[in-house]
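Reader: Hi! Could you walk me through this one while I have it open?
Author: Happy to, let's take a look together.

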Amino acid sequence: MKHLAAYLLLGLGGNTSPSAEDVKAVLESVGIDADSDRLDKLIKELEGKDLQELIAEGSQKLASVPSGGGGGGGAAATAAGGAAGGDAAAEKEPEKEPEKEEESDEDMGFGLFD
């Protein structure tokens, strides 16, 4: 993933056909070692292809992937709770204070370019 990100950054910068050395230079500029095998494979697969066309094709493929969720159950529960009558206000539970989440500076064992 880090190799592809560097390749795309070079493409955005105007380099229409980045070489393996170009990608290595970008990665090394931020202290990351490039994996030569993966990088060579990436360069071979993207050689002679237009980045904008590849991105457009990928977007079309992602558009066909279903990503919706079933959100209809909440409305029925609310309607049933509202139909309980006037006693509902008397039986109202005291609100709990939201738990405070501890902030962490740890990156959970991975970084942006790992």
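Author: One term before we start: two residues are in contact when they have heavy atoms within 4.5 Å of each other. Also, please keep in mind that this is a predicted model.

Reader: Thanks. With that in mind, which residues in H1 and H3 meet?
Author: From H1 they are His3, Leu4 and Tyr7, and they meet Arg38, Leu39, Leu42, Ile43 and Leu46 in H3. By class, this contact of H1 with H3 divides into six nonpolar residues, one polar and one charged.

Reader: And at what angle do the axes of H1 and H3 cross?
Author: Roughly 50°, and the axes come within 10 Å. The crossing of H1 and H3 is right-handed.

Reader: Let me zoom out for a second. How many helices and strands does the protein have?
Author: There are six helices and zero strands. From the N terminus on, the order of elements is α-α-α-α-α-α.

Reader: What percentage of the residues count as buried?
Author: Of the 114 residues in the protein, 13% count as buried. As for contacts with a separation of 6 or more, 50% of them are accounted for by residues 24 or more positions apart.

Reader: Okay, which residues make up the largest nonpolar core?
Author: That core has 12 residues in all: Ala6, Tyr7, Leu10, Ala20, Val23, Leu27, Ile32, Leu39, Leu42, Ile43, Leu46 and Leu51. The elements that give two or more residues to the core are H1 (2-12), H2 (20-29) and H3 (36-46).

Reader: Which helix gives the largest share of this core?
Author: H3 does, with four residues. As background, nonpolar side chains tend to be buried together in soluble globular proteins.

Reader: I'm clicking on Ile43 now. What does Ile43 touch, apart from residues up to four places away in sequence?
Author: Ile43 touches Tyr7, Pro18, Ser19, Ala20 and Val23. Tyr7, Ala20 and Val23 are among the members of the nonpolar core, as is Ile43.

Reader: Nice. Now H1 and H2: how do their axes cross?
Author: They cross at roughly 105° and come within 9 Å. H1 and H2 are therefore roughly perpendicular to each other. On the H1 side you'll find Lys2, His3, Ala6, Tyr7 and Leu10, which meet Asp22, Val23, Val26 and Leu27 in H2. By class, that contact of H1 with H2 has six nonpolar, one polar and two charged residues.

Reader: And at what angle do H2 and H3 pack?
Author: About 130°, with their axes 10 Å apart. H2 and H3 are therefore oblique to each other. Their crossing is right-handed. The contact is made by Ala20, Val23 and Lys24 of H2 together with Ser36, Leu39, Asp40 and Ile43 of H3. Sorted by class, the contact of H2 with H3 has four nonpolar residues, one polar and two charged.

Reader: Where does Ala34 lie?
Author: Ala34 is in the loop between H2 and H3. Ala34 counts as partly exposed because its relative accessibility is 22%. Ala34 and Val23 are 11 residues apart in sequence, and their C-alpha atoms are 8.2 Å apart in space.

Reader: Last one, Lys41. What relative accessible area does Lys41 have?
Author: It's 54%, so Lys41 is exposed. You'll find Lys41 in H3. C-alpha to C-alpha, Lys41 and Ala20 are 9.9 Å apart in space, and they are 21 residues apart in sequence.

Reader: Great, thanks for the tour!

Key
Residues are numbered from 1 along each chain as its sequence is written. This is a predicted model: local features need pLDDT of at least 70, side-chain atom pairs count only at pLDDT 80 or more; totals for chains, interfaces and linings use all residues. Side-chain values use heavy atoms; hydrogens and water are left out. A nonpolar core is a set of buried Ala, Val, Leu, Ile, Met, Phe, Trp, Tyr and Cys residues joined through side-chain atoms within 4.5 Å. Buried means under 20% relative accessible area, exposed over 50%, partly exposed in between (1.4 Å probe, protein chains only). Axes are lines fitted to C-alpha atoms, for helices over the stretch in contact, and angles run from 0 to 180 degrees between N-to-C directions. Angles under 35 degrees count as roughly parallel, over 145 as roughly antiparallel, 65 to 115 as roughly perpendicular and the rest as oblique. A crossing is left-handed if the near helix is turned anticlockwise from the far one by less than a right angle, and right-handed if clockwise. Ala, Val, Leu, Ile, Met, Phe, Trp, Tyr, Cys and Pro count as nonpolar, Asp, Glu, Lys and Arg as charged, and the others, Gly among them, as polar.
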